[in-house]
Each structure stands twice: as C-alpha cells, then as structure tokens.
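Hello,

Here is the structure I promised to hand over. Please open it first; my notes follow below.

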Amino acid sequence: MQVGRRSSGLWRSWKRPLCHNSPRLKVESYVLPRVRSYSIALIGLGHRGYRSHFKSLFNDPSNSIVAVCDTDRGVLNTFSDNHPDVPAYLSLAQLLREHAPDFAILSVPHGFHMDCVIALSEKGVPILKEKPVVECMNEFAHMSALPVKIGVTFQKRFEPQFIHLKNLLPLVGDVATVQASLTLNIEKLDATWRASSGVGTAEDLGCHILDIVTWLFGVPSSVMTYGVSPIRPGQVYGGDDISDVIMNWEGINRTGHAHMSRVAHSFTQSITVTGSNGYLILNGSNIVNLDSRGHQKLKVIHQPIEKDVIRSMVQEFGDWVTGKRPTFSSSLENLTKTVSVMEAVKSSLSGRKVQRPLTRSPTVVPSIGSRNPFTKLATNTNNKKYSTQAGFPIRNRAFQLKSGVKIPAVGLGTRRAQRPGEVYEAVHAALQAGYRSIDTAQSSGNEDEIGKSILDSGIPREEIWLTTKLDNKWHNRVDQAIDASLKALRVDYLDLYLMHWPISTDPDDPTRQLVNWSFVDTWRQMERISKAKVRHIGVSNFDVKHLETLHNDANCHVTPAVNQVELHPYWPSRKLLEYCHRHGIHCTAYSCLGSAESPLLADSTLIDIARAKGKTPQQILIMWGLHRGTSVIPKSVHSSRIKENFNIDGWELSDEEVNLLAQLDTSLKTCQDDWLPGRVF
C-alpha cells in the first residue's frame, strides 16, 4: 500500500489501516463518529485557524462555522472576499453579541489565550483551544474552575496511528525504554509567531510529543531537560532550537528520551518502545512490531487525512460538551498529567536540574498571587511567561500590545537630572548595554538630553521604543505638548504617549485644577493625535475607577494601550492588573524596585531569594515583574547598575519564589498624590 505523501508537514491522505502478518489481536479501526450538527465560532485565522480548522470544517455537513474573528483587518478582509457568506468580526465581543455558538475553536497567539477564554467563558461558550494548555499549574487550576467545558486540540491523540499504537502496546510486554522524536525544519523562523514570542522547541514541539508520551506511559517520576539555544547565524529570535528530555519512571524499571528540533534536516515523527517481548516502532504513520530477536511480527500502514482527524476531534468535542458522550480525550481534566510534565520540563530547562512533575487536582483554585492567569494577561502577547528561555537574551523579549505591536519587556526609566549630562550618560550606557526602550516624561525636563543621546548613539530610530508623558499643566493643549516633546527629543514620532496623571492643573497655578476640565476631555484630545506623530496612546497612574470612566464614556473610542503604574511586591495592585487584563490594557511597572530608600530592598525574603540565586535584589524584582506579565522600567543613572539590571539572562524564578514575594504582607506605596490638587489613589 502506498503511504500518503507529506504536505506542509502534515499527512494529508488516509485509508483503513493495512496489517501484514497480523497475529490474533483485536485492532480498533479509525472510524469517524456518528455525526451531529454543531454551530462553531472560529477565533483566529492564522495558519492553524484558517488552513487547518476552517478548511477542514467549512464544507463539513455535520458542522457549521457560524462566524469568525481576527484582529488583523487585512486578514479579515481577505477572508471575507473569499467567504462572503461567513460573518467576520474584528472584535470577539462583537461576535459574541451577534452569535451564540455551541462552542468556539480558539486559534490565537499564545498570549491572547486566557483573555479569549475568559471572554468566552463569561458568555457560557465551551472552548476547544490550541496549545499550550496553560503556562503553569496555578493557571491550570484557574482555567479548570471556569464554568464551561474546555478541551485542547492535541490532534495526535485523534490521529489513527497513535490510537493504534496505544492499542498495540501489550505486544511488547513490560515497557523498559521509550524513545520519541519530533523534528521540523522551519526555514523562516524570524517570520513566525515563535520568533516574536521567544517560544522554544521544548514548549512548542515538546508540548505535542510529551503529551503523547504521558498519554501512553503515564507521568515520569523525574525529568531532566537539555536545550541548545538558537544556532542560525544572525537570528534574532529566542528560545531553544533543540531540546532533549531524559525521563525516569521510578519503581517500574523504565526510562525515556524525547528529542525535539525545529532546525532538523527534515520532518520526523517517531516513537520506539522496547519491552520484555520485543519492540513497537512508530515511524511517521507506520507501525512495526518486532520480537526480541528483531523478527517482524506485525506491520500497519496508516495514511491519515488531516481533515478527517480534525472533523473527528471536533465532533467528539461537540458530543462531549452537549452531554452525548461522557468524556473527551484531551479535555482540560484529562490533561492534568501533561501540564505537570510540561511544567517540570520547562523548569528543568531554565534551572538546569532534575525536576519531579507534581500532579495536582485541577479543581482546587490556589490563592491569587503574582502568577495567576489574569495578571499574566496584561501582556496580550506571545511572550507571556519566560520559563523556557534560559538562553533567550532579555533584550529580544517583548510584550505584544492589543494592536499587535510589541513593546520591549525591559526599558530604562529616567528622572530629572541631578546634574547636566547625567541622563544623557545614563541613556548612552543603557543603549550600549542593549536596552531598546527608553521612558521619560515632559515634567522630568530631560527630553532634550535623551534625544541627543539617542541621536549620538547611531542606533536607528525604529529600533528604539520611546515613551514620554503629557504633563498635567498641558492637559488642554495636547497638540502643543506633543510637538514640544517631539522637538526636544529630536524625533518625528513617539511609540507611546501617556497621560501622566488623571489630574489637570492650571498652567499658572499648579495648586489648582483646571476649571471645567477632566481627564476625559484630555483623552479625547489624545485620541485625535495624528498617527504620524504618536503610534500608541495610554495612561499612567490610572486606577480602575479612572479606566472605568473612560470605558463608559460614549465619546471615548480608544482603549488605552498601556497603563504605567507603580508595581512591586509591596504594592502589587492585583485588582488593577486583573481589570487591565480583561480589557486588553498592557501594564508597565515603574518603581519596580521600590525606591532607593525603600525597605523593600532590605526585605529578608527578597534577600534570601537573591542569595540563593546568586543575584542582586534588584535583579530578582525585575524578574518578578516579568513573571507577572508586566514590562518593567527600572531607573538608574549609574552605568554599572544599568548593565546589572539588564543582565538577567539564563535563569528565572520558581513558582515558589514568585509566590513568596507575592505573599509579602507589607504594604507601601512610594509614589504619592499628596502634591496634586486632587486625589488619585
């Protein structure tokens, strides 16, 4: 029998499996389930969303794509031109106002998963989502507690060769070793979501092959992960290109090895099982059984069609969410073991030590700390958490804003100079160290020095993210203020322009507020700034009440891209972060180190973690902010400290360390509002 050819890395054709020299063994054929009709909303029209899910389901008589959603207007326009009869929306909220699907298929970039999951859950819509399952066990617990059924498109669990392999495992007797491999050759990695997110092979391909290993053989007692950082010359993306995971099952005399690569010479997909009675080998889509002497006893040839596999998976999910079948193979509940293994693999890769997967009940929701899914969603990004990128330079990490544009994860915060040239030198040192984000403010009086330092650096303007802020006394003269900042900074445009405070002051008397003027009026003026001058607008020092005011005003049409606020373990602002996550507002942490005189830097818990890690307290606090999904802008004018703050590659905080800092009971805000003519906090 001719084996189906590979197309775009997927096996496209399928027939009933053909068995050679088969013993008397019950072999389950791959049969599409009895069809029932379901209405489906497709969220995300990227490669998986459109080429896999939509094309497989569009002409499926048993299912109906009732609507699609994507935030890329160009993608949506192209889709509507080709499929004018399918309603298409730029906003998930709008789609959910117009439709009530039986369930949704979620195929958006990693960083948007929880945002969409929460929105769908609030409308009672079950979700079949792409991987990753979650980013950590805490997030898994939160997602499991949502009042809708959720499944993950671990497609391999529905492919006939893997189902057949599982049924044939008794042939080898007691399993002694497992060798699994999944490799690709992704030629243009820089152009993929993996590059923009820094997602490595362990987290990407490993998610699939390790799920299969766990599904077939259970949770290993321990794992050790080794990774090779990006190897291609001139590449700028991060994450591991090659990963190897060594596994051990204590008490049952079994070991395993999983190999993943995205820079291999060709596509491979294989599992070799060695047991007391012989061998079972999956190579591509073919299965061979050999006895202990190497004699072939069985051969099965599969030619799976992707369309049939996806239709089967979707049908089973629909039957499960509607109560027509008792379970779903890759439901959230059935993936507890996979999540625990993946968490251990990523922790082992970053910490370079053996880890033991800890399987926990997904029904117990932990207390909300720095790693809860809502705080992480402030990123709206593919980068979210950086657990697998021990070798990924921090300078290449970025958070994706709702617009799709990325803001650097770490920037230099600046302040009013204590002496002439101080800020110029600080910016120069930062750019030399690799920083590509500089934050300032009109009220700091340092825009001129910053502009000159950027100009003298020789670094192209488009490589630097530049943020400044509208001073309180310019609230009713936004156009003039932005022109003044652009002139001082010696640039034609700003990447981000923030309203510094939700308080406007009289230009002639800063102790008085402007009469008959509010920050809503200021925001309306900011909305009218030319895109040629400002790419994104946002706010600073806004609490939930201020954001709600903008959100509920019928004359405000733009959601702030960023809210820059004080954030550190003594002032975590959990409720504010949760609100921002739900509304797609990225949060940037200023005063992320507390302050020079803050008792935070002398906190015993922080000191103990820093000593254990061999890091400075400042480095620990910066990493803590990144773990929460916030970009950070630590301030310093000392060259050595600027470099030190940026030197946080090759390590991360454990869940326990992050939570220890999140649970500090001291409450201290270093930036107060008592100098303003109105209350903010």
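**What I found**

Start in the sheet, where Val68 sits opposite Ala88 of β6. Please keep in mind that this is a predicted model. The two strands here are β5, residues 63-69, and β6; they pair in parallel over 2 bridges.

The whole sheet is open and has 6 strands. Their order is β6-β5-β4-β7-β8-β9, with parallel pairing. The edges belong to β6 (88-89) and β9 (150-152). Each has a single partner strand, so one side of each lacks a neighbour in the sheet. Helix α4 (residues 113-122) packs on this sheet. The helix touches β4 (38-43), β7 (103-106), β8 (127-129) and β9. Its direction is at about 165 degrees to that of β8.

Next, a helix pair. Helix α13 covers residues 447-457 and helix α14 covers 478-489. Their axes lie 7 Å apart, at an angle of about 45 degrees. On the α13 side, the contact involves Glu447, Asp448, Ile450 and Gly451. They meet Ser485, Ala488 and Leu489 of α14. By type, the contact residues are 3 nonpolar, 2 polar and 2 charged.

Now the chain overall. The protein chain has 681 residues, and 59% of them count as buried. Its secondary structure comes to 21 helices and 29 strands. Among contacts with a separation of 6 or more, 72% join residues 24 or more positions apart. The chain exposes about 27,700 Å², with 49% supplied by carbon and sulfur atoms.

Best wishes

Methods: Residues are numbered from 1 along each chain as its sequence is written. This is a predicted model: local features need pLDDT of at least 70, side-chain atom pairs count only at pLDDT 80 or more; totals for chains, interfaces and linings use all residues. Side-chain values use heavy atoms; hydrogens and water are left out. Two strands pair if DSSP finds at least two bridges between them. Helices (H or I, at least four residues) and strands (E, at least two) are DSSP runs, numbered from the N terminus. Contact means heavy atoms within 4.5 Å. Axes are lines fitted to C-alpha atoms, for helices over the stretch in contact, and angles run from 0 to 180 degrees between N-to-C directions. Buried means under 20% relative accessible area, exposed over 50%, partly exposed in between (1.4 Å probe, protein chains only). Accessible areas come from the Shrake-Rupley method with a 1.4 Å probe; for residues, only the protein chains shown count as cover. Ala, Val, Leu, Ile, Met, Phe, Trp, Tyr, Cys and Pro count as nonpolar, Asp, Glu, Lys and Arg as charged, and the others, Gly among them, as polar.
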